[in-house]
Amino acid sequence: MKGFKVVYIASVPEHGVGGHYHSLSVIAEAVFEQHADRAAIITIGFNRSPVIDALSASGIRVKHIHYSGWRTWRALGEVAAAVREFGPQVVHAFDEHAFLFARYASWKLKVGLVLTKCGGKPPHG
């Protein structure tokens, strides 16, 4: 798909080194290998994710928006502005908290929206 761009959004309420940050890292690296200008990541929360921040060294565009739970409308606007700057066709949230911000940006900018709801019970067997 020519020119197809995606912005991934993940919330970082704690340490930022859990499994879904690693999943996002692998996906973003795979997209970046094939199409270097078509993927960007926004993290939002009180902390930064060292897993995601490490991707910027390889050239992947990473932006962190500080959000402590206060001034939600302001944070929604900041995320939408960051998404608009990149100009994606899809916003892809990687957790239910990031989905609030991704959904707002998707609605505001009239672009597609995807949610990957990570987690769940470990597989047996």
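Buried means under 20% relative accessible area, exposed over 50%, and partly exposed in between (1.4 Å probe, protein chains only). The model is predicted: local features need pLDDT of at least 70, side-chain atom pairs count only at pLDDT 80 or more, and totals for chains, interfaces and linings use all residues. Residues are numbered from 1 along each chain as its sequence is written, and side-chain values use heavy atoms, with hydrogens and water left out.

View 1. A salt bridge is a side-chain nitrogen of Lys or Arg within 4 Å of a carboxyl oxygen of Asp or Glu. Glu78 is partly exposed at 34% relative accessibility. Arg74 reaches 54% and counts as exposed.

**View 2. Glu85 and Arg61 join in a salt bridge.** The N to O distance is 2.8 Å. Glu85 belongs to helix H3 and Arg61 to strand E3 (residues 61-66), so the pair ties together parts that are 24 residues apart in sequence. Helices (H or I, at least four residues) and strands (E, at least two) are DSSP runs, numbered from the N terminus. Glu85 is exposed, with 61% relative accessibility. Arg61 is partly exposed, at 38%.

**View 3. Arg48 and Asp53 meet through their side chains in a salt bridge.** N to O, the distance is 2.8 Å. Arg48 has a relative accessible area of 44% and is partly exposed. Asp53 is also partly exposed, with a value of 21%. A search of the whole structure finds three salt bridges.

**View 4. Helix H3 packs on helix H4.** H3 covers residues 72-86 and H4 residues 96-109. Their axes lie 9 Å apart, at an angle of about 60°. Axes are lines fitted to C-alpha atoms, for helices over the stretch in contact, and angles run from 0 to 180 degrees between N-to-C directions. H3 and H4 are therefore oblique to each other. Angles under 35 degrees count as roughly parallel, over 145 as roughly antiparallel, 65 to 115 as roughly perpendicular and the rest as oblique.

**View 5. Residues of H3 meet residues of H4.** Contact means heavy atoms within 4.5 Å. From H3 come Thr72, Trp73, Ala75, Leu76, Gly77, Val79, Ala80, Val83 and Arg84. H4 supplies Leu100, Phe101, Tyr104, Ala105, Lys108 and Leu109.
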